[in-house]
Amino acid sequence: MSSSKKWIIAAIAALSVGGASVLSSTAQAAELSYMLNGQNTTISTYEDWNTAHTSVTLTIKPKLTGKYTLNQPDLAPGIKFGIGSSLAHIPGDPDDIFYTTADRGPNGEVDVNGTTRRTFPLPNYTPTIYKIQLVQGQIKVLETIPLKINGKDPVTGSNLITGLPNLKSRDEVPYDKAAANVISYDPYGLDVEGLAYNPKDDTFWISDEYGPYLVQVKRDGTLLQRLAPKGISSELNTPELPLKDVLPAAYLTRRQNRGAEAVGITPDGKWLFMAMQSPLRNPDKNVDNSRALRILKLDLATLQPVAEYAYMAEDAKQFKDLKQSDIVISDLNVINENTLLIDERDKNAGDKAQLKRIYQIDLSKATNILGQYDDTAKAGKTLEQLSIAELDKAGIVPPSKRTILDVVELKYPNEKIEGITLVNGHTLVIVNDNDFGVDRPDSKENGTDLWTFELPYVLK
(Lines give C-alpha, C1' and ligand atoms only; values in the text may rest on other atoms or scores of the structure.)
Protein backbone atom coordinates (compact mmCIF):
# COMPACT_ATOMS: atom_id res chain seq x y z
CA MET A 1 0.00 0.00 0.00
CA SER A 2 1.36 3.45 -0.91
CA SER A 3 2.22 5.95 1.81
CA SER A 4 -0.43 8.37 0.50
CA LYS A 5 -3.14 5.73 0.76
CA LYS A 6 -2.03 4.88 4.29
CA TRP A 7 -2.20 8.58 5.24
CA ILE A 8 -5.72 8.96 3.81
CA ILE A 9 -6.96 5.88 5.67
CA ALA A 10 -5.41 7.13 8.90
CA ALA A 11 -6.89 10.59 8.38
CA ILE A 12 -10.38 9.24 7.74
CA ALA A 13 -10.10 7.05 10.83
CA ALA A 14 -9.19 10.12 12.85
CA LEU A 15 -12.39 11.79 11.71
CA SER A 16 -14.29 9.60 14.12
CA VAL A 17 -11.82 8.61 16.82
CA GLY A 18 -9.66 11.71 17.15
CA GLY A 19 -6.06 11.79 18.22
CA ALA A 20 -3.57 13.45 20.53
CA SER A 21 -1.70 16.71 20.55
CA VAL A 22 0.96 17.23 23.16
CA LEU A 23 2.04 20.52 24.77
CA SER A 24 0.72 22.71 22.00
CA SER A 25 -1.71 22.45 19.13
CA THR A 26 -2.38 24.55 16.09
CA ALA A 27 -5.98 24.17 14.99
CA GLN A 28 -6.81 24.97 11.38
CA ALA A 29 -9.72 24.40 9.04
CA ALA A 30 -9.24 21.88 6.25
CA GLU A 31 -11.13 20.35 3.34
CA LEU A 32 -10.71 16.60 2.86
CA SER A 33 -11.62 15.32 -0.61
CA TYR A 34 -12.07 11.64 -1.46
CA MET A 35 -13.99 9.34 -3.79
CA LEU A 36 -17.01 7.54 -2.34
CA ASN A 37 -18.92 5.13 -4.60
CA GLY A 38 -17.44 6.87 -7.61
CA GLN A 39 -18.48 10.32 -6.44
CA ASN A 40 -16.06 13.03 -5.42
CA THR A 41 -16.87 14.06 -1.83
CA THR A 42 -15.53 16.89 0.29
CA ILE A 43 -15.69 17.05 4.09
CA SER A 44 -14.97 20.17 6.11
CA THR A 45 -12.72 19.33 9.04
CA TYR A 46 -10.64 20.83 11.81
CA GLU A 47 -6.92 19.97 11.83
CA ASP A 48 -5.11 19.70 15.15
CA TRP A 49 -1.34 19.36 14.89
CA ASN A 50 0.98 18.55 17.74
CA THR A 51 3.98 20.73 18.54
CA ALA A 52 6.42 18.90 16.32
CA HIS A 53 3.84 18.44 13.52
CA THR A 54 4.47 14.73 13.64
CA SER A 55 0.79 13.81 13.85
CA VAL A 56 -2.51 15.31 12.91
CA THR A 57 -6.07 14.84 14.04
CA LEU A 58 -8.92 15.58 11.65
CA THR A 59 -12.41 16.14 13.06
CA ILE A 60 -15.52 16.68 10.96
CA LYS A 61 -17.11 20.03 11.66
CA PRO A 62 -20.54 20.05 13.30
CA LYS A 63 -23.62 21.60 11.71
CA LEU A 64 -25.21 24.73 13.18
CA THR A 65 -28.85 23.74 13.78
CA GLY A 66 -30.40 26.55 15.81
CA LYS A 67 -30.04 30.09 17.13
CA TYR A 68 -32.05 31.29 20.13
CA THR A 69 -32.22 34.66 21.85
CA LEU A 70 -33.45 35.80 25.24
CA ASN A 71 -36.28 38.32 25.51
CA GLN A 72 -36.83 39.23 29.15
CA PRO A 73 -37.64 42.56 30.83
CA ASP A 74 -34.63 44.49 32.13
CA LEU A 75 -33.82 44.05 35.81
CA ALA A 76 -33.54 47.83 36.18
CA PRO A 77 -32.92 50.81 33.91
CA GLY A 78 -29.75 50.04 31.97
CA ILE A 79 -29.40 46.54 33.49
CA LYS A 80 -30.32 43.56 31.34
CA PHE A 81 -31.73 40.25 32.58
CA GLY A 82 -28.82 37.83 32.82
CA ILE A 83 -28.26 34.11 32.32
CA GLY A 84 -25.55 32.10 30.57
CA SER A 85 -22.69 31.82 33.06
CA SER A 86 -23.38 28.07 32.99
CA LEU A 87 -25.48 25.49 31.15
CA ALA A 88 -26.56 21.95 32.01
CA HIS A 89 -28.88 19.39 30.48
CA ILE A 90 -30.25 16.70 32.78
CA PRO A 91 -30.39 13.24 31.16
CA GLY A 92 -33.99 12.18 30.79
CA ASP A 93 -35.28 15.71 30.37
CA PRO A 94 -36.68 16.75 26.98
CA ASP A 95 -33.97 17.73 24.52
CA ASP A 96 -35.04 21.39 24.60
CA ILE A 97 -34.93 21.83 28.40
CA PHE A 98 -31.82 23.16 30.17
CA TYR A 99 -30.67 24.74 33.44
CA THR A 100 -28.52 27.84 33.58
CA THR A 101 -27.39 30.59 35.95
CA ALA A 102 -26.12 34.13 35.91
CA ASP A 103 -23.11 35.06 37.99
CA ARG A 104 -22.92 37.34 41.06
CA GLY A 105 -25.20 39.98 39.58
CA PRO A 106 -24.70 43.33 37.88
CA ASN A 107 -21.34 44.86 38.74
CA GLY A 108 -18.94 47.33 37.26
CA GLU A 109 -15.60 49.03 37.65
CA VAL A 110 -15.33 52.75 38.34
CA ASP A 111 -12.11 54.73 38.50
CA VAL A 112 -11.88 56.97 41.55
CA ASN A 113 -8.70 59.05 41.76
CA GLY A 114 -6.72 56.40 39.92
CA THR A 115 -8.11 53.48 41.92
CA THR A 116 -10.57 50.99 40.47
CA ARG A 117 -13.60 50.29 42.62
CA ARG A 118 -15.98 47.34 42.15
CA THR A 119 -19.59 48.55 42.19
CA PHE A 120 -22.81 46.61 42.79
CA PRO A 121 -25.82 48.63 41.58
CA LEU A 122 -28.25 45.92 42.78
CA PRO A 123 -26.62 44.72 46.02
CA ASN A 124 -29.59 42.51 46.98
CA TYR A 125 -29.48 40.62 43.68
CA THR A 126 -30.02 36.89 44.32
CA PRO A 127 -27.93 34.39 42.30
CA THR A 128 -30.45 32.05 40.71
CA ILE A 129 -30.79 28.80 38.79
CA TYR A 130 -33.12 29.09 35.81
CA LYS A 131 -34.91 26.28 34.03
CA ILE A 132 -35.21 27.27 30.37
CA GLN A 133 -36.76 25.93 27.18
CA LEU A 134 -35.88 26.57 23.55
CA VAL A 135 -39.01 27.53 21.62
CA GLN A 136 -39.17 28.96 18.07
CA GLY A 137 -35.94 30.89 18.26
CA GLN A 138 -36.52 32.10 21.80
CA ILE A 139 -35.08 31.18 25.21
CA LYS A 140 -38.08 30.85 27.52
CA VAL A 141 -37.64 30.95 31.30
CA LEU A 142 -39.85 28.18 32.75
CA GLU A 143 -38.77 28.24 36.39
CA THR A 144 -36.79 30.54 38.68
CA ILE A 145 -34.89 28.90 41.55
CA PRO A 146 -33.24 31.54 43.79
CA LEU A 147 -30.33 30.35 45.90
CA LYS A 148 -30.94 30.34 49.65
CA ILE A 149 -29.76 29.00 53.00
CA ASN A 150 -31.51 27.32 55.92
CA GLY A 151 -31.31 30.46 58.00
CA LYS A 152 -30.99 34.23 57.64
CA ASP A 153 -28.58 35.97 55.31
CA PRO A 154 -27.05 39.02 57.08
CA VAL A 155 -27.45 41.25 54.02
CA THR A 156 -30.97 40.41 52.85
CA GLY A 157 -32.46 39.60 56.26
CA SER A 158 -34.14 36.60 54.64
CA ASN A 159 -33.05 33.14 53.55
CA LEU A 160 -32.02 34.48 50.11
CA ILE A 161 -28.31 35.01 49.50
CA THR A 162 -26.61 37.72 47.44
CA GLY A 163 -23.72 37.80 45.00
CA LEU A 164 -21.58 40.05 47.18
CA PRO A 165 -17.99 39.18 48.16
CA ASN A 166 -17.46 37.04 51.26
CA LEU A 167 -14.37 38.16 53.13
CA LYS A 168 -12.87 41.59 53.72
CA SER A 169 -9.51 39.93 54.23
CA ARG A 170 -9.20 38.59 50.66
CA ASP A 171 -12.04 39.63 48.35
CA GLU A 172 -12.69 42.82 46.42
CA VAL A 173 -14.19 45.72 48.34
CA PRO A 174 -17.86 46.11 47.34
CA TYR A 175 -19.09 49.64 46.62
CA ASP A 176 -22.51 51.07 45.88
CA LYS A 177 -23.56 52.16 42.40
CA ALA A 178 -21.91 55.57 42.77
CA ALA A 179 -18.64 54.00 43.93
CA ALA A 180 -18.84 56.28 46.97
CA ASN A 181 -19.73 53.99 49.87
CA VAL A 182 -18.56 50.54 50.92
CA ILE A 183 -21.47 48.13 51.26
CA SER A 184 -21.79 44.86 53.18
CA TYR A 185 -19.85 41.68 52.59
CA ASP A 186 -21.95 38.50 52.51
CA PRO A 187 -20.42 35.29 53.92
CA TYR A 188 -22.92 33.34 51.78
CA GLY A 189 -22.46 35.37 48.61
CA LEU A 190 -21.71 33.40 45.45
CA ASP A 191 -20.22 34.31 42.08
CA VAL A 192 -21.76 31.40 40.19
CA GLU A 193 -19.78 30.34 37.12
CA GLY A 194 -20.49 26.63 36.61
CA LEU A 195 -23.41 24.25 37.11
CA ALA A 196 -23.46 20.45 37.11
CA TYR A 197 -26.07 17.82 37.99
CA ASN A 198 -25.45 14.69 40.08
CA PRO A 199 -27.92 11.93 39.17
CA LYS A 200 -27.02 9.90 42.27
CA ASP A 201 -28.64 12.29 44.75
CA ASP A 202 -30.59 14.70 42.51
CA THR A 203 -28.54 17.75 43.47
CA PHE A 204 -26.63 20.45 41.62
CA TRP A 205 -23.03 21.48 42.17
CA ILE A 206 -21.94 25.06 41.58
CA SER A 207 -18.43 26.35 40.95
CA ASP A 208 -17.78 29.75 42.48
CA GLU A 209 -15.08 32.32 41.75
CA TYR A 210 -14.79 33.88 45.18
CA GLY A 211 -13.09 31.14 47.18
CA PRO A 212 -12.80 29.38 44.87
CA TYR A 213 -15.56 27.11 46.16
CA LEU A 214 -17.67 24.16 45.12
CA VAL A 215 -21.19 24.33 46.53
CA GLN A 216 -23.80 21.57 46.62
CA VAL A 217 -27.36 22.77 46.06
CA LYS A 218 -30.75 21.08 46.40
CA ARG A 219 -33.09 21.22 43.43
CA ASP A 220 -35.12 23.88 45.30
CA GLY A 221 -32.06 26.15 45.52
CA THR A 222 -31.07 25.46 49.15
CA LEU A 223 -27.30 25.46 49.69
CA LEU A 224 -26.19 22.23 51.41
CA GLN A 225 -22.41 22.45 51.85
CA ARG A 226 -19.37 24.29 50.57
CA LEU A 227 -15.98 22.83 49.63
CA ALA A 228 -13.10 25.27 50.07
CA PRO A 229 -9.31 25.34 49.80
CA LYS A 230 -7.41 24.32 52.90
CA GLY A 231 -6.67 27.38 55.02
CA ILE A 232 -9.76 29.40 54.18
CA SER A 233 -11.15 31.48 57.04
CA SER A 234 -13.05 29.40 59.58
CA GLU A 235 -15.65 32.17 59.92
CA LEU A 236 -17.25 30.86 56.74
CA ASN A 237 -18.08 27.54 58.41
CA THR A 238 -21.60 27.98 59.78
CA PRO A 239 -24.52 25.69 60.65
CA GLU A 240 -26.42 27.30 57.77
CA LEU A 241 -23.71 26.32 55.28
CA PRO A 242 -21.18 23.73 56.53
CA LEU A 243 -17.71 24.15 55.05
CA LYS A 244 -15.18 21.43 54.28
CA ASP A 245 -11.66 22.61 53.49
CA VAL A 246 -10.66 19.77 51.17
CA LEU A 247 -9.45 21.59 48.06
CA PRO A 248 -5.69 22.17 47.66
CA ALA A 249 -4.43 25.20 49.58
CA ALA A 250 -2.72 26.49 46.42
CA TYR A 251 -6.14 27.42 45.07
CA LEU A 252 -6.24 30.28 47.59
CA THR A 253 -3.80 32.02 45.24
CA ARG A 254 -6.45 32.32 42.54
CA ARG A 255 -6.50 35.60 40.66
CA GLN A 256 -9.55 37.71 41.58
CA ASN A 257 -12.42 37.17 39.12
CA ARG A 258 -10.50 34.26 37.59
CA GLY A 259 -11.52 31.49 39.97
CA ALA A 260 -13.43 28.21 39.61
CA GLU A 261 -15.05 28.81 36.25
CA ALA A 262 -16.32 25.36 35.40
CA VAL A 263 -17.69 22.19 36.99
CA GLY A 264 -18.94 18.88 35.62
CA ILE A 265 -19.94 15.43 36.85
CA THR A 266 -19.62 12.03 35.18
CA PRO A 267 -22.95 10.50 34.10
CA ASP A 268 -22.62 7.84 36.83
CA GLY A 269 -22.28 10.48 39.55
CA LYS A 270 -18.89 9.18 40.75
CA TRP A 271 -16.47 11.94 39.75
CA LEU A 272 -16.59 15.72 39.78
CA PHE A 273 -14.26 17.93 37.71
CA MET A 274 -13.49 21.59 38.37
CA ALA A 275 -11.47 23.89 36.10
CA MET A 276 -9.84 27.19 36.95
CA GLN A 277 -10.38 30.06 34.53
CA SER A 278 -6.77 31.28 34.55
CA PRO A 279 -3.41 30.32 36.03
CA LEU A 280 -3.15 30.50 39.80
CA ARG A 281 -1.04 33.40 41.02
CA ASN A 282 1.29 30.85 42.45
CA PRO A 283 3.50 32.33 43.76
CA ASP A 284 2.46 35.78 42.45
CA LYS A 285 1.05 37.71 39.47
CA ASN A 286 4.30 37.31 37.54
CA VAL A 287 2.92 33.97 36.31
CA ASP A 288 -0.25 35.45 34.79
CA ASN A 289 1.03 34.50 31.34
CA SER A 290 1.49 30.84 32.20
CA ARG A 291 -0.33 28.49 29.83
CA ALA A 292 -0.94 25.90 32.57
CA LEU A 293 -4.55 25.92 33.78
CA ARG A 294 -5.52 23.45 36.50
CA ILE A 295 -8.29 20.86 36.24
CA LEU A 296 -9.14 19.12 39.51
CA LYS A 297 -10.87 15.76 39.88
CA LEU A 298 -12.78 14.83 43.06
CA ASP A 299 -14.35 11.61 44.29
CA LEU A 300 -17.98 12.50 45.07
CA ALA A 301 -18.24 9.65 47.58
CA THR A 302 -15.52 11.13 49.78
CA LEU A 303 -15.41 14.73 48.47
CA GLN A 304 -11.62 14.41 48.30
CA PRO A 305 -9.45 15.43 45.33
CA VAL A 306 -7.92 12.42 43.61
CA ALA A 307 -6.21 13.95 40.59
CA GLU A 308 -5.11 17.23 39.05
CA TYR A 309 -4.11 17.90 35.45
CA ALA A 310 -2.15 20.68 33.75
CA TYR A 311 -4.33 21.79 30.84
CA MET A 312 -2.32 23.73 28.27
CA ALA A 313 -4.12 26.78 26.93
CA GLU A 314 -3.39 27.71 23.33
CA ASP A 315 -0.21 29.67 22.69
CA ALA A 316 -1.09 33.36 22.29
CA LYS A 317 1.86 33.77 19.92
CA GLN A 318 -0.09 32.05 17.15
CA PHE A 319 -2.65 34.88 17.24
CA LYS A 320 -2.35 38.60 16.52
CA ASP A 321 -1.93 41.02 19.44
CA LEU A 322 -3.38 38.58 21.97
CA LYS A 323 -2.03 38.37 25.51
CA GLN A 324 -1.55 34.90 26.98
CA SER A 325 -3.41 35.99 30.14
CA ASP A 326 -6.47 36.76 28.02
CA ILE A 327 -6.90 33.10 27.02
CA VAL A 328 -9.13 31.35 29.55
CA ILE A 329 -11.27 28.29 30.27
CA SER A 330 -14.94 29.27 30.50
CA ASP A 331 -16.80 25.98 31.01
CA LEU A 332 -16.52 22.22 30.76
CA ASN A 333 -18.77 19.26 30.12
CA VAL A 334 -17.97 15.73 31.30
CA ILE A 335 -18.46 12.88 28.84
CA ASN A 336 -16.85 10.18 30.99
CA GLU A 337 -14.04 9.80 33.52
CA ASN A 338 -11.37 10.42 30.88
CA THR A 339 -13.13 12.62 28.34
CA LEU A 340 -14.16 16.24 28.83
CA LEU A 341 -15.27 19.08 26.62
CA ILE A 342 -13.41 22.32 27.39
CA ASP A 343 -14.59 25.80 26.42
CA GLU A 344 -11.46 27.88 25.67
CA ARG A 345 -11.70 31.48 24.50
CA ASP A 346 -10.05 34.85 24.26
CA LYS A 347 -11.31 38.15 25.69
CA ASN A 348 -12.47 39.62 22.38
CA ALA A 349 -15.84 39.74 20.64
CA GLY A 350 -17.16 39.93 17.09
CA ASP A 351 -14.60 40.65 14.37
CA LYS A 352 -11.82 40.99 16.94
CA ALA A 353 -12.29 37.46 18.29
CA GLN A 354 -9.61 34.92 17.37
CA LEU A 355 -10.17 32.03 19.78
CA LYS A 356 -13.63 30.64 20.58
CA ARG A 357 -13.26 26.86 20.56
CA ILE A 358 -14.67 23.78 22.21
CA TYR A 359 -12.05 21.07 22.61
CA GLN A 360 -12.45 17.42 23.44
CA ILE A 361 -9.67 16.46 25.84
CA ASP A 362 -8.41 13.03 26.86
CA LEU A 363 -7.13 12.54 30.41
CA SER A 364 -6.24 8.87 30.12
CA LYS A 365 -2.53 9.49 29.43
CA ALA A 366 -2.24 12.85 31.19
CA THR A 367 0.00 13.16 34.26
CA ASN A 368 -1.68 13.35 37.66
CA ILE A 369 0.19 16.24 39.33
CA LEU A 370 -1.98 16.50 42.46
CA GLY A 371 0.07 18.06 45.28
CA GLN A 372 3.36 17.89 43.36
CA TYR A 373 3.83 21.40 41.97
CA ASP A 374 1.92 23.57 44.44
CA ASP A 375 5.26 24.79 45.81
CA THR A 376 8.87 24.69 44.67
CA ALA A 377 9.94 21.53 46.53
CA LYS A 378 9.75 19.11 43.60
CA ALA A 379 11.02 21.13 40.65
CA GLY A 380 12.38 24.36 42.12
CA LYS A 381 9.34 26.10 40.65
CA THR A 382 5.57 25.90 40.94
CA LEU A 383 3.51 24.55 38.06
CA GLU A 384 2.72 28.07 36.90
CA GLN A 385 6.43 29.03 36.85
CA LEU A 386 7.49 26.11 34.68
CA SER A 387 8.12 26.84 31.00
CA ILE A 388 6.83 24.54 28.28
CA ALA A 389 10.30 23.02 27.93
CA GLU A 390 10.52 22.52 31.70
CA LEU A 391 7.10 20.89 31.80
CA ASP A 392 8.23 18.51 29.09
CA LYS A 393 11.52 17.79 30.86
CA ALA A 394 9.65 17.08 34.10
CA GLY A 395 7.58 14.48 32.25
CA ILE A 396 4.31 16.35 32.77
CA VAL A 397 1.98 15.17 30.03
CA PRO A 398 -1.04 17.46 29.62
CA PRO A 399 -4.43 16.28 28.38
CA SER A 400 -4.53 15.83 24.61
CA LYS A 401 -6.85 18.19 22.71
CA ARG A 402 -8.84 18.13 19.52
CA THR A 403 -11.14 20.81 18.14
CA ILE A 404 -14.86 19.97 18.23
CA LEU A 405 -16.17 23.43 17.41
CA ASP A 406 -14.69 26.76 16.33
CA VAL A 407 -17.27 29.55 16.22
CA VAL A 408 -14.92 32.34 15.15
CA GLU A 409 -15.38 31.21 11.57
CA LEU A 410 -19.15 31.38 12.12
CA LYS A 411 -18.85 35.04 13.20
CA TYR A 412 -20.14 34.37 16.70
CA PRO A 413 -20.93 37.86 18.03
CA ASN A 414 -20.19 37.56 21.75
CA GLU A 415 -17.10 37.54 23.94
CA LYS A 416 -18.11 35.17 26.71
CA ILE A 417 -19.23 31.69 25.75
CA GLU A 418 -19.62 30.55 29.37
CA GLY A 419 -22.11 27.69 29.13
CA ILE A 420 -21.72 24.44 27.20
CA THR A 421 -23.59 21.16 27.43
CA LEU A 422 -24.20 18.01 25.42
CA VAL A 423 -27.54 16.33 24.68
CA ASN A 424 -27.67 12.61 23.82
CA GLY A 425 -23.96 12.63 22.99
CA HIS A 426 -24.38 14.46 19.69
CA THR A 427 -26.10 17.83 20.19
CA LEU A 428 -23.68 20.49 21.42
CA VAL A 429 -25.23 23.61 22.96
CA ILE A 430 -23.44 26.87 23.83
CA VAL A 431 -24.64 30.09 25.47
CA ASN A 432 -22.96 33.38 26.37
CA ASP A 433 -22.95 35.46 29.53
CA ASN A 434 -24.18 38.97 28.66
CA ASP A 435 -22.79 40.50 31.90
CA PHE A 436 -26.20 42.12 32.43
CA GLY A 437 -25.50 44.46 29.52
CA VAL A 438 -23.34 46.77 31.64
CA ASP A 439 -21.17 47.63 28.62
CA ARG A 440 -24.17 48.50 26.40
CA PRO A 441 -26.99 49.71 28.66
CA ASP A 442 -28.79 51.51 25.82
CA SER A 443 -29.08 48.41 23.61
CA LYS A 444 -32.60 47.23 22.84
CA GLU A 445 -31.38 43.65 22.64
CA ASN A 446 -30.76 41.48 25.69
CA GLY A 447 -27.49 40.20 24.24
CA THR A 448 -27.92 36.54 25.17
CA ASP A 449 -27.48 34.03 22.34
CA LEU A 450 -27.80 30.24 22.56
CA TRP A 451 -26.68 28.16 19.58
CA THR A 452 -27.13 24.44 18.95
CA PHE A 453 -24.94 22.17 16.82
CA GLU A 454 -25.31 18.62 15.54
CA LEU A 455 -22.13 16.56 15.81
CA PRO A 456 -21.60 13.99 13.03
CA TYR A 457 -20.62 11.41 15.67
CA VAL A 458 -21.61 10.44 19.20
CA LEU A 459 -19.52 11.23 22.28
CA LYS A 460 -19.96 8.75 25.12
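## Around Lys 80

Lys 80 is buried, with a relative accessible area of 3% (buried means under 20% relative accessible area, exposed over 50%, and partly exposed in between, using a 1.4 Å probe and protein chains only). A word on the ground rules: this is a predicted model, in which local features need pLDDT of at least 70 and side-chain atom pairs count only at pLDDT 80 or more, while totals for chains, interfaces and linings use all residues. Residues are numbered from 1 along each chain as its sequence is written, and side-chain values use heavy atoms, with hydrogens and water left out.

Lys 80 sits in the loop between E4 and E5 (strands, E, are DSSP runs of at least two residues, helices, H or I, of at least four, both numbered from the N terminus). Not counting residues up to four places away in sequence, Lys 80 touches several others, among them Asp 74, Phe 436, Arg 440, Ser 443 and Glu 445; touching here means contact, with heavy atoms within 4.5 Å. A polar atom of the Lys 80 side chain lies 2.3 Å from the backbone oxygen of Ser 443. Such a polar contact is a pair of N or O atoms within 3.5 Å; within protein, one must be able to donate a hydrogen and the other to accept it, and residues adjacent in sequence count only if both atoms are side-chain atoms.

## Salt bridges

The structure holds 24 salt bridges (a side-chain nitrogen of Lys or Arg within 4 Å of a carboxyl oxygen of Asp or Glu). One of them joins Lys 80 to Asp 74, with the closest N and O atoms 3.7 Å apart. While Lys 80 is buried, Asp 74 counts as partly exposed at 40% relative accessibility.

Arg 118 and Glu 172 also meet in a salt bridge, at 3.2 Å from N to O. This pair links distant parts of the chain, 54 residues apart: Arg 118 is in strand E8 (residues 115–119), and Glu 172 is in the loop between E10 and strand E11 (174–175). Both Arg 118 and Glu 172 are buried. A further salt bridge, between Arg 219 and Asp 202, has an N to O distance of 2.6 Å. Arg 219 lies in the loop between strand E14 (213–217) and strand E15 (223–229), and Asp 202 in the loop between strand E12 (192–198) and strand E13 (203–208), 17 residues apart. Arg 219 is partly exposed at 29% relative accessibility, and Asp 202 is partly exposed at 35%. Salt bridges with shared partners also join Arg 104, Glu 109, Arg 118, Glu 172 and Asp 191 into one network.

## An open sheet

Now to the strands. An open sheet of 8 strands runs in the order E5-E6-E9-E10-E4-E27-E26-E25, with mixed pairing (two strands pair if DSSP finds at least two bridges between them). Strand E5 (86–88) and strand E25 (417–423) each have a single partner strand, so one side of each is left without a neighbour in the sheet. On average, neighbouring strands of this sheet are turned by 30 degrees against each other, direction ignored; the axes are lines fitted to C-alpha atoms, for helices over the stretch in contact, and angles run from 0 to 180 degrees between N-to-C directions. Within the sheet, strand E4 (residues 63–70) and strand E10 (residues 138–146) pair in the parallel sense over 2 bridges, and Thr 69 has Gln 138 in E10 as its bridge partner.

Thr 421 lies in strand E25 and is buried, with a relative accessible area of 2%. Thr 421 and Ser 86 are 335 residues apart in sequence, yet 8.9 Å apart in space, C-alpha to C-alpha. Leaving aside neighbours within four places in sequence, the contacts of Thr 421 include Leu 87, Ala 88, Phe 98 and Asn 333. His 89 places its backbone nitrogen 3.2 Å from a polar atom of the Thr 421 side chain.

## Strand E23 and its partners

In strand E23 (residues 356–362), 6 of the 7 residues are buried, so E23 is largely enclosed by the rest of the structure. E23 pairs with strand E22 (residues 339–345) in the antiparallel sense over 7 bridges, with Lys 356 as the bridge partner of Arg 345. E23 and strand E24 (residues 400–406) also run antiparallel, joined by 6 bridges; Arg 402 in E24 is the bridge partner of Gln 360.

## Backbone exceptions

Most residues other than glycine have a negative phi, and most peptide bonds are trans. Here, the peptide bond from Gly 211 to Pro 212 is cis, with omega near 0 degrees, and Asn 282 and Pro 283 are joined by a cis bond with omega about 20 degrees. Asn 424, in the loop between E25 and strand E26 (427–432), has a positive phi near 60 degrees.
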